Amino acid sequence: MLNRFSLTFLGCLLAGSVLAYESSAILALFEPNEEFPGGEMGTTDDHGKNAFSLPAPGLTDDQVTDFEIGNAFFTKPWVEAPSSTAARDGLGPHFIAQSCGACHTLDGRGAPPDFANRVQQEQPMALLIRLSIPGQPEPKPDPVYGGQFNNRAIPSVKPEGQVQIKYQEISGQFADGTPYSLQSPHYKLTKLAYGPLHKDIMLSPRIAPQMIGLGLLEAIPEADILANAERQKQEGKGIAGMPNYVFDAFAKKEMLGRFGWKANVASIAHQSAGAFLGDIGITSSVNPHEECMPKQKDCLRAPSGGTPEVSDKILNQVILYSRTLAVPSRRDADASDVLRGKQVFKDANCVSCHTPSYKTGEFAAVPQLSNQTIYPYTDLLLHDMGEGLADHRPDGKANGKQWKTPPLWGLGLVKTVNGHTRYLHDGRARNMLEAVLWHGGEAKASKQAVLKLSASDRENLLVFLNSL
């Protein structure tokens, strides 16, 4: 017969067993490979200011040389033509920045302009504005300003205008009564140099994302990305990822989109050449013409830096550089609060879209990135994110409410590298929690799950995200 002491002792033993079981269950969530999100050949252990700027280990001597040259042409300013710096002239006529690195500072994430006393202090650089008007079968560029608004120009040419941003505060609270506030941005193009915009103009702001792991994302087999959409359909939880298919200037065919905020670019080669032209005004063999619209006479008269302005050799070195930037390793990936946060992330079904891991396929462009187990936390698919995040501008097969699931690797080092914590496609979220609370549409259920979390589990979730 059990006496009171025996029952108490047995209760303690059982409680200890439960605690041990719970501890074991948490530790079982840790996967050793997660410490190396870029795989053996794509991960760096640097967690400092240069965490996003290091080459993938294992590059050959020739690749390292090309990486360093590509880095130089990515980070150093281009200049107006004609110039004695013949390899680096041809800036503009219209442009947003003088180098790729001016937007992707230290290969990291851009931020919207600073505000002081609710007044915009500067013109955006790392935040660009896409333009289009309705058309068939696809939207068309604005007839006066083209497909992208450029607020800078060389001295002999007028900038297209200025971007004005205003924020509206939106208040809410968690289930436990803790308040929160979001900033809803409103965009207006002012001081237009060439006349009014089209009456049906559509604007889409896009912040410069971080550059790490791009080659690894390019190496994910297309079948695995399409399998994500099928899995989500089978799960029956309201998640309906959709691939974007877009024309690639290098392959000269339609391909699966993987890059850009709407998966509107299929390859790093296309992305690099497109950014040279659209953001800096530098022509290449695949984009040989300046983006001067017919009414922009001063733009059309501007001198050229050559035909093309960036050689294929230099462009290919920048492409290799962009493909081989390593992913920082995880910090404290096996810590109990990180693992609890990982469980919260899973329980809220964030993993349905932010698919944790893949194995890369054969990647001829950089063979070292082949057959790597990686943890980018993305499905590379488009999702309806609700009215709050909608830009109402189609892009390829993406509609005005759809955005690609961004990778989460390196998320916790943005502040270290770039000195800010601005997230989402236009930098509206001032921290990670705000980014989560902007989720709507297909992600509404996950947002509701986060709103119901205790304060400690909200903190655990953020600790997990910061470990990525």
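Modeller: Glu 80 sits in the loop between α2 (61–75) and β2 (94–95). Helices (H or I, at least four residues) and strands (E, at least two) are DSSP runs, numbered from the N terminus. This is a predicted model, in which local features need pLDDT of at least 70 and side-chain atom pairs count only at pLDDT 80 or more, while totals for chains, interfaces and linings use all residues. Residues are numbered from 1 along each chain as its sequence is written, and side-chain values use heavy atoms, with hydrogens and water left out.

Glu 80 is partly exposed, at 32% relative accessible area. The scale runs from buried (under 20%) through partly exposed to exposed (over 50%), with a 1.4 Å probe and protein chains only. Contact here means heavy atoms within 4.5 Å. Not counting residues up to four places away in sequence, Glu 80 touches Asp 89, Gly 90, Leu 91, Ile 154, Pro 155 and Ser 156. Ser 304 lies 224 residues away along the chain, yet the C-alpha atoms of Glu 80 and Ser 304 are separated by 8.6 Å.

Other loops hold buried residues. Gln 372, between β14 (358–359) and β15 (373–374), is buried at 10% relative accessible area. Leaving aside neighbours within four places in sequence, its contacts include Gly 38, Glu 40, Leu 216 and Tyr 358. Gln 372 and Leu 216 are 156 residues apart in sequence, and 8.2 Å apart from C-alpha to C-alpha. Gly 410 lies between β17 (402–404) and α10 (414–418). Its relative accessible area is 1%, so Gly 410 counts as buried. With neighbours within four places left aside, Gly 410 is in contact with Phe 52, Gln 210, Ile 212 and Leu 468.

Ser 284 lies in the loop between α6 and α7 (297–301). Ser 284 is buried, at 1% relative accessibility. Beyond neighbours within four places in sequence, Ser 284 is in contact with Ala 273, Pro 308, Val 310 and Leu 315.

In α6, Ile 268, Ala 269, Ser 272, Ala 273 and Phe 276 meet Leu 315, Val 318, Ile 319, Ser 322 and Arg 323 of α8. The residues of this contact are seven nonpolar, two polar and one charged. Ala, Val, Leu, Ile, Met, Phe, Trp, Tyr, Cys and Pro count as nonpolar, Asp, Glu, Lys and Arg as charged, and the others, Gly among them, as polar.

The axes of α6 (residues 268–280) and α8 come within 9 Å and cross at roughly 120°. That makes α6 oblique to α8. Axes are lines fitted to C-alpha atoms, for helices over the stretch in contact, with angles from 0 to 180 degrees between N-to-C directions. Under 35 degrees is roughly parallel, over 145 roughly antiparallel, 65 to 115 roughly perpendicular, and the rest oblique.

Last, the core. A nonpolar core is a set of buried Ala, Val, Leu, Ile, Met, Phe, Trp, Tyr and Cys residues joined through side-chain atoms within 4.5 Å. The largest one has 102 residues, and Trp 78, Phe 276, Phe 345 and Leu 465 touch the most other members. Helix α8 (residues 312–323) gives this core its largest share, six residues. Leu 465 touches Phe 345, Leu 408, Leu 411, Gly 412 and Met 432, not counting residues up to four places away in sequence.
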